[in-house]
Number of protein chains: 2
Amino acid sequence: MIIIGEKINATRKSVAAAIAGRDEQFIIKTVAEQADAGANYIDLNGGDPNPQAEVANMEWLVKLVQSNTDLPLCLDSASVDAIKVGLSLAEKKPIVNSISLEAERLEAFLPVLTERECMVIALCMSDDGMPTSADDRVERAGRLIEQLGGIGKKPDEIIIDPCFVPVSTDPNAARYVCESIRIIHEKFPDVHIGGGLSNVSFGLPKRKYINLAMLAASVYNGMDAAIIDPCTPYMVPLILAGEVISAADQWCANYVGAHRDGRLQ
Amino acid sequence: MIIIGEKINATRKSVAAAIAGRDEQFIIKTVAEQADAGANYIDLNGGDPNPQAEVANMEWLVKLVQSNTDLPLCLDSASVDAIKVGLSLAEKKPIVNSISLEAERLEAFLPVLTERECMVIALCMSDDGMPTSADDRVERAGRLIEQLGGIGKKPDEIIIDPCFVPVSTDPNAARYVCESIRIIHEKFPDVHIGGGLSNVSFGLPKRKYINLAMLAASVYNGMDAAIIDPCTPYMVPLILAGEVISAADQWCANYVGAHRDGRLQ
């Protein structure tokens, strides 16, 4: 399971302030708490309306974070230049977050992804907008895998994000996502599947329960990557338990290991 | 969703002592806390090695509990006589817990089930033992539904228990159960499916996480009845969230209602 800790993201006010103020201790602490909770990648998003500031933020974040953790990085930006800087500095094989089928974005990002070994999150989003069914997602996943194969990406370097959309706007939204995960996992067993799933609960009360149920249902259907706040209670343990239920974690080896390491509190 | 509160069960030491000592306050408190947590049936198991004591326990429990709650009862015994007494005393349409395909048990229980209107939990267990695959469960469910149909039970009076077996003894055990739930739900859409799922985590550490992941995966696949301790944190909320994900709770009406009633703490 690829668990990407999502907390270092400039859309969070406190993080934006820490980045703007170059507050090293805040960032280092946020990395450490995610690592302790079971993250195995650290997402870095230094988004800024000023494109040059975003590049400088990425440079500062990558240097700071990788000198304070052994975990590899997930470079999260809509700016090609920020991703380029991140890729040039990252010591361990990083994940690029993210590309989609939107023509302009795809054209700009594909060449960058060949500059060095990296994984990539590929969103089932196109110029037609969000996918609206399970089949739609499967078809788009196929096109993304083909595009990425064309530039030399191996299946296990690709993480397909099926687009987790709010269940409050369509009762079948979550079911379509889970169903697409099941089919993509079956058709492309070596490709990873996952993304940021908290969008599913948008507009609902007590979102944590919806997020956890979605997590368990998604892992049951074959999801093996998640962009989450691993410090949320029950989150990482339910991912690991979901892998037991789905038989991805044969004989519960990973689950029992996590218990031994104190990661199932 | 049928949520059966399982706490009044003589296999629990404190409950056995309360039953033996006719401790009304203990039982009343245990009923109330389960009702508050979201149970909509109260399971009553006064199991005793002495058959006459078991009948007397059931009589005492049914009278006491139904004079202290509006919830209907789930009469839980392997003793035909205890079930008979329970059925004769229960004011609201109860659930009988349980029958199976084991010939002796089936023969003894079927006539009793016609004595009054009641629902029944039907275990996919036979004289050949526990089921070992998804297909095995589906086939047994079909036979149980046929037997119960033969004595006049309507589909929605039947709760098929697919037999939740420990995942520690077979890595695919939980997957087989979920898969059988999906197929039974598809083949018999009016029949309820569920049971006591905590057996799944037998032998593993931090069982609560395995139980919750199994719960969410089962509800996603069509489970709509659960025998649980509703006071366990996250348990009832994850059932309700699972119904949102699976689209059983269209437009989240039930989930939002539970939030309004303070049942999503």
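A pocket is here an open set of grid points with protein on both sides within 12 Å along at least five of seven lines, and its lining residues have an atom within 4 Å of a point. The views below show a predicted model.

**View 1. The largest pocket and its lining in chain A.** In total, 27 residues line the largest pocket, and those nearest its centre are N9(A), D76(A), N97(A), G196(A) and I227(A). The volume of this pocket is about 690 Å³. Two strands of chain A, β4 (95-100) and β5 (119-123), each contribute at least two residues to the lining. Sorted by class, the lining comprises 10 nonpolar, 10 polar and 7 charged residues.

**View 2. The second largest pocket, with D76(B) and N97(B) among the residues nearest its centre.** This pocket has a volume of about 590 Å³ and a lining of 23 residues. D161(B), G196(B) and I227(B) also belong to the group nearest the centre. The lining divides into 8 nonpolar, 9 polar and 6 charged residues.

**View 3. Strand β1 (residues 2-5) of chain A, covered on both faces.** In a regular strand, side chains alternate between the two faces of the sheet. On one side of β1(A) lie I2(A) and I4(A), on the other I3(A) and G5(A), and all of these are buried.

**View 4. The strand partners of β1(A), namely β8(A) and β2(A).** Strand β8 (residues 225-228) runs parallel to β1(A) and is joined to it by 4 bridges; here I2(A) stands opposite A225(A). Strand β2 (residues 41-44) is also parallel to β1(A), with 2 bridges between them, and I4(A) stands opposite Y41(A).

How values were computed:
Residues are numbered from 1 along each chain as its sequence is written. Chains are lettered from A and ligands numbered from 1 in the order in which they are written. This is a predicted model: local features need pLDDT of at least 70, side-chain atom pairs count only at pLDDT 80 or more; totals for chains, interfaces and linings use all residues. Side-chain values use heavy atoms; hydrogens and water are left out. On a 1 Å grid over the protein atoms alone, a cavity is a set of points where a 1.4 Å probe fits but cannot get out, and a pocket is an open set with protein on both sides within 12 Å along at least five of seven lines; lining residues have an atom within 4 Å of a point. Grid points are joined across faces, edges and corners, and a volume is the space filled by probe spheres set on the points. Ala, Val, Leu, Ile, Met, Phe, Trp, Tyr, Cys and Pro count as nonpolar, Asp, Glu, Lys and Arg as charged, and the others, Gly among them, as polar. Buried means under 20% relative accessible area, exposed over 50%, partly exposed in between (1.4 Å probe, protein chains only). Two strands pair if DSSP finds at least two bridges between them.
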